[in-house]
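This report describes a structure with two chains in plain terms. Please look at the sequence and the model first, then read on.

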Amino acid sequence: MASDQVTLLDLWASPFGMRVRLALAEKGVKYEYSEQDLMNKGALLLQMNPVHKKIPVLVHNGKPVCESLIIVQYIDEVWKDKAPFLPSDPYQRAQSRFWADFVDKKIYDFGRKIWMEKGEDQEAAKKGFIDSLKLLEGELGDKPYFGGETIGYVDIALVPFYTWFYAYETIGNFSIEAECPKLIGYCKRCLKKETVSKSLEDPKKVYDFVVMLRKKYGIE
Amino acid sequence: MDERKYNMAEEVKVFSTWASPFALRVIWALKLKGVEFDTVHEDLINKSPLLLQYNPIHKKVPVLVHDGKVICESLVILEYIDETWKQNPLLPEDPHQKANARFWAKFGDDKVMQSIGGGVLLKEGKEQEEGFAASMEHLKYLEDEIRGKKFFGGETIGLADIALGWLAHYLDIVEEIVGLRLIDQEKFPSLAAWKQEFANAPIIRENWPDRDKLVTKYVAMREANLGKGTPK
């Protein structure tokens, strides 16, 4: 493992990239971070992810792994001697996979609509977003993390989106904390962990990034 | 000691519909592993209280119930099946190969199904052309991946084959309805060969849903999406 070459092709504001940064931090893996310009995609990105041409891409000893949750599972399986992300029981593993998939299907899509849409479409997205967070609150229950006593697969899938909440709230003109205080409490608890705080970006900077994107797409 | 060998009371149920390509994945996986199960046939217009209780979030099939444990989402169910019944593994041991299998399964669901189902089957005119062009791009990637291999899983059927397997039956029906050929033998010879191989594989070949019924269903879906009586 000492001779492992690990590179992460990423974009600083991407919650999907943050998932991988968090996973690597949890495992204590040293890696080279390579910021990508998605307006001017580099040869390495196109070579390592020819199908989607997207980040994040993990390059491990020259071989690429694409798609954030697939990368997180890969990291869990390769560096298996520390901080397991998934439980060992198949049924509990299935539950973790289900909820991580839920985050992918709901949180990202609704969140995106909140900052890209207006009027009724935006309102519908806000409702869908809050409803989804409430379902996640139900799944969390009284546990400190979705993974139980320690951060796990669902935590890694979800908590990076917290960095986008301020942008959603400001653009969507609503308070996520007012609707889902338990979930916000959970996110803040996660941020107390050094691996999380050093892997997640500043929400205010993310907001500036989203404002820039909206201008670029001509959304007023 | 594998207690399951001696536990005659192990109960495996699959909630499915006759037409669902997603539920079919679960049925294939269980049969390939020789696992006995019961099928609960659902009518999606009239979902059973049990289905709604077991899958309150998505309210969909398939649902797997194994000794009272409920698992939803076909790809999640496939991994559960592979981890629970270890004979005839669907995923390789090597983490990179495993990641690759998962990548192609996801590509099938996120991209191929969207462009063929959503774009080609349900649209017409310019939108259908765009769906067709996107589908050809996606199929080219699959062609490159399958070249030189019998199955996406190598010598034996794996997770990606099961996830993409709908192409080996449902696609013919889409092609017939819209009058367009997608997996062209000349354009995609390796993918066409895989289609044949997979469609005729033991277990797979015995479990396809009725072709004529599917044609009727998909024609109705297409017409409903285009709006009855909409001029072309």
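The secondary structure of chain A consists of eleven helices and four strands. Helices (H or I, at least four residues) and strands (E, at least two) are DSSP runs, numbered from the N terminus. The model is predicted: local features need pLDDT of at least 70 and side-chain atom pairs count only at pLDDT 80 or more, while totals for chains, interfaces and linings use all residues. Residues are numbered from 1 along each chain as its sequence is written, chains are lettered from A and ligands numbered from 1 in the order in which they are written, and side-chain values use heavy atoms, with hydrogens and water left out.

**Overall form**

Chain B has nine helices and four strands, and along the sequence they follow the pattern β-α-β-α-β-β-α-α-α-α-α-α-α. The radius of gyration of chain B is 18 Å, close to the 17 Å that the globule rule gives for 232 residues, so chain B is as compact as a globular protein of that length. Here the radius of gyration is taken over C-alpha atoms, and the globule rule is 2.2 Å times the number of residues to the power 0.38. For chain A, with 220 residues, the radius is 17 Å, which agrees with the value near 17 Å for a compact globule.

| Chain | Span of the C-alpha trace |
|---|---|
| Chain A | about 50 × 45 × 30 Å |
| Chain B | about 60 × 45 × 30 Å |

**Burial, contacts and surface**

Buried residues (under 20% relative accessible area; exposed is over 50% and partly exposed in between, with a 1.4 Å probe and protein chains only) make up 53% of the 220 residues in chain A. In chain B, 52% of the 232 residues count as buried. A contact means heavy atoms within 4.5 Å. Among contacts in chain A with a separation of 6 or more, 69% are between residues 24 or more positions apart; in chain B, 71% of contacts between residues at least 6 apart join residues at least 24 apart.

Accessible areas come from the Shrake-Rupley method with a 1.4 Å probe, and for residues only the protein chains shown count as cover. Chain A exposes about 10,100 Å², with 51% supplied by carbon and sulfur atoms. The accessible surface of chain B is about 11,500 Å², and 51% of that belongs to carbon and sulfur atoms.

Among the buried residues of H3(A) are Ile70(A), Tyr74(A) and Asp76(A). Their cover includes helix H1 (15-27) and helix H4 (90-116) of chain A, together with helix H4 (95-121) of chain B.

In chain B, ten of the eleven residues of helix H3 (residues 74-84) are buried, so H3(B) is also largely enclosed by the rest of the structure. The buried residues of H3(B) include Ile77(B), Tyr80(B) and Asp82(B). What covers them includes H4 of chain A, along with helix H1 (21-32) and strand E3 (63-66) of chain B.

**Annotated domains**

UniProt positions are given in the numbering used here, feature names are shortened, and annotations may be inferred rather than shown by experiment. In an unreviewed entry, UniProt places "domain: GST N-terminal" at residues 10-89 of chain B. That span is 36% helix and 21% strand, with its end C-alpha atoms 20 Å apart. The UniProt annotation "domain: GST C-terminal" (unreviewed entry) covers residues 94-218 of chain B, where the chain is 66% helix and 0% strand.
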